[in-house]
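Here are some notes on the aromatic residues and the pockets, for you to read beside the coordinates.

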Amino acid sequence: MFSQYRRTQIAEMRPYIMGERLDDVSVSSEDAKAGSPKAGDMIARNPANHKDQWLVARAYFLANFEPMGTV
């Protein structure tokens with residue numbers, strides 16, 4: 001059974017740059033099926049391990065995140 005959880009950490013993200021290689025970035029099969037990576041998508045990273053990176057689709061990003069500043 002799924003439960004709802006609120007995030008307690010700050011996410012570190014940057015915009016996806018069209019055409020960039022994503023060899024070290026995880027892209028879910030569902031996002032790939034939807035055409036990602038594409039303009040407006042974001043690349044997220046684990047603040048404790050900057051090599052742990054994944055793609056966040058634009059629609060999910062816009063619905064769930066707001067900017068705070070740069071790191």
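Predicted model: local features only at pLDDT ≥ 70, side-chain atom pairs only at ≥ 80, totals over all residues.

1. Residues are numbered from 1 along each chain as its sequence is written, and side-chain values use heavy atoms, with hydrogens and water left out.

2. The structure holds 2 aromatic pairs, where rings of Phe, Tyr and Trp (its six-membered ring) pair if their centres lie within 6.5 Å. The ring centres of Phe61 and Phe65 are 5.8 Å apart with planes at 15 degrees, so this pair is stacked (planes under 30 degrees apart). Ring pairs also bring Tyr60 into a cluster with Phe61 and Phe65.

3. The largest pocket holds about 550 Å³ of space; a pocket is an open set of points on a 1 Å grid where a 1.4 Å probe fits, with protein on both sides within 12 Å along at least five of seven lines, and lining residues have an atom within 4 Å of a point. Of its 21 lining residues, Ile10, Ala11, Glu12, Met13 and Gly69 are the closest to the centre. The strand β3 gives the largest share of this lining, 4 residues.

4. The second largest pocket has about 290 Å³ of space, and among its 15 lining residues the closest to the centre are Arg7, Ala11, Met13, Trp54 and Phe65.

How values were computed. Phe/Tyr/Trp six-rings, centres within 6.5 Å; stacked < 30°, edge-to-face > 60°. Points joined across faces, edges and corners; volume = space filled by probe spheres on them. Helix = DSSP H or I, 4+ residues; strand = E, 2+ residues; numbered from the N terminus.
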